[in-house]
Amino acid sequence: MASETGSPVEARHPAAASAALIGKSVVVKGELEGSEDLTIEGQVEGKIELRDHTLTIGQGGRIKAQVFARAVVVCGELVGNINASEYVEIRETGSVDGDVVSPRVAIADGAHFRGSIDMQKKGPVQAKGGAIEAVTPWKIPPSQGA
Amino acid sequence: MSDGEDNRSLAGLWNRARRFLPGGAGQAADGWEPAGGGAIRPSKTLRPFLQELAAVPSPVVVDLGPVIGSNVSFLGSQLACKLFPEDLYADVDQPFPRGEGDGLASVLAAKLRQDPGGVDGILAWDVFDYLDRGEAAALAKRLVALLRPGGLLMALFTTERRTEAASRRYIIADADHLRHRPAPGARWARTVWPLGDIEVLLAPLEVRQSHLLAHRQREMLLRRPTAPGKDG
């Protein structure tokens, strides 16, 4: 009987339905490039480049790498700098030791972070000297992974 | 400078009077407590701190508090800044040698490594309250050195000697309010800094604003002078 959820991998990892997956037992050393979303549950050392896509580091993920992506979601451990053109989200189980460059950064209570956060926006700088608005915390886009 | 501003207003009188009502002591007197814990209290200096930094393209900000996600998001959305969260509270809670400030000085040398004169704003919160005079002097010297001419420092100081069951962390509720969240810590006893001592401690910074708030805390906004003759 065919499964409605497709492959067994997709059934276990809903995020994997639309993203490549590096599983728990996989160790990658070197440069990793891709043109699709990627979820890492294993170990990666080196450099990760997903310029227009989302990198999700699952709870089991252990990364020592410089990361370049459109968006980065960290539920596991990352040692290295992150450069994300849209946003970085560090979940409560996530740990980041490194500098982050991204226009939007969300860090959950309980997450570990050590480094600097550069949230300089590209393009026109926001209005100067205007009124500072009441806080409307930036809402994290719904995540498909982790 | 608008010292005592809150206490002169009707709201300030009402807040002070409420402390003497049954159950009115402590937090309930001058703030409200949301479900997440920690009273929401007014802030007078956060807004001017943000407004001045908003005029600086991509300002560099040092936050001496712990990494608090909502603060990071708020500062990013308001200032598009480069933020250095440097949790001094975690170090203050360590049993480093007391008395001369040497223990803290080594912590500062390792932690506050930004370029001297390269920082536009510092959120010091109330970390000075948990330091003795030697430690505070070491921290003040380092912070003053970090600020660029015209750079701003926001700091909070208790106005009454007390030992609390927990230290505090500050969560930005909006540009006019902070949530004072209790946090476990080794140093609960707090130093009271008279206004004159604060000015000496943080010289050559100039006091731009000083507010004595109803919740027995002084909020100060200080600025590193730009005139060469006054720049120490």
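Select Ala80(B) first. Find it in the loop between α5 (69-79) and β3 (82-85) of chain B. Check the backbone there: phi of Ala80(B) is near 45°, a positive value in a residue other than glycine. Keep in mind throughout that this is a predicted model.

**Next stop: Trp125(B)**

Select Trp125(B). Here too phi is positive in a residue other than glycine, near 50°. The setting is a strand, β4 (residues 119-125) of chain B. Is Trp125(B) buried or exposed? Trp125(B) counts as buried, because it has 21 C-beta neighbours inside 10 Å. Now look across to β5(B), where Ala155(B) stands opposite Trp125(B).

**Widen to β4(B)**

Select residues 119-125 of chain B, the strand β4. Of its 7 residues, 7 are buried, so β4(B) is largely enclosed by the rest of the structure. Which strands pair with it in parallel? One is strand β2 (residues 60-63) of chain B, over 3 bridges. Show Val61(B) and Gly121(B) together; the two stand opposite each other. Another is strand β5 (residues 147-158) of chain B, which runs parallel to β4(B) and is joined to it by 5 bridges.

With β4(B) and β5(B), α8 makes a right-handed β-α-β unit.

**On to β6(B) and β7(B)**

Select residues 167-174 of chain B, strand β6. How many residues does the hairpin between β6(B) and β7(B) run through? The hairpin joins them through 2 residues. For one bridge, pick Ile172(B); its partner in β7(B) is Leu178(B).

**A cis peptide**

Move to Pro204(B), in the loop between α9 (195-201) and β8 (206-213) of chain B. Display the bond between Ala203(B) and Pro204(B). That peptide bond is cis, with omega about 10°.

**The nonpolar core, with chain A in view**

Now show Val72(A), Ala124(B), Val127(B) and Leu153(B). In the largest nonpolar core, which has 93 residues, these four touch the most other members. Strand β5 (residues 62-74) of chain A gives the most to this core, with 8 residues. Centre on Val72(A). Beyond four places in sequence, Val72(A) touches Leu55(A), Val67(A), Ile82(A), Ala84(A) and Val88(A).

**Step back to chain B**

Chain B has 9 helices and 9 strands. Buried residues make up 44% of its 232 residues. Among contacts between residues at least 6 apart in sequence, 69% join residues at least 24 apart.

**Last: colour by confidence**

Colour chain B by pLDDT. The mean is 81, and 75% of the residues reach 70 or more. Where does pLDDT stay under 50? One stretch is residues 1-8 of chain B, for which the model has 18 contacts beyond four places in sequence. Another is residues 10-30 of chain B, with 20 such contacts. For the complex, the predictor gives an ipTM of 0.77 and a pTM of 0.78.

How values were computed. Residues are numbered from 1 along each chain as its sequence is written. Chains are lettered from A and ligands numbered from 1 in the order in which they are written. This is a predicted model: local features need pLDDT of at least 70, side-chain atom pairs count only at pLDDT 80 or more; totals for chains, interfaces and linings use all residues. Helices (H or I, at least four residues) and strands (E, at least two) are DSSP runs, numbered from the N terminus. A residue is buried if 20 or more other C-beta atoms lie within 10 Å of its own, exposed if 12 or fewer, and partly exposed in between; C-beta atoms are placed from the backbone. Two residues are in contact if their C-beta atoms, placed from the backbone, lie within 7 Å. A nonpolar core is a set of buried Ala, Val, Leu, Ile, Met, Phe, Trp, Tyr and Cys residues joined through C-beta atoms within 7 Å. pLDDT is the predictor's confidence in each residue, from 0 to 100. Two strands pair if DSSP finds at least two bridges between them. A crossover is right-handed if, with the strands pointing away from the viewer, the path from the first strand over the helix to the second runs clockwise.
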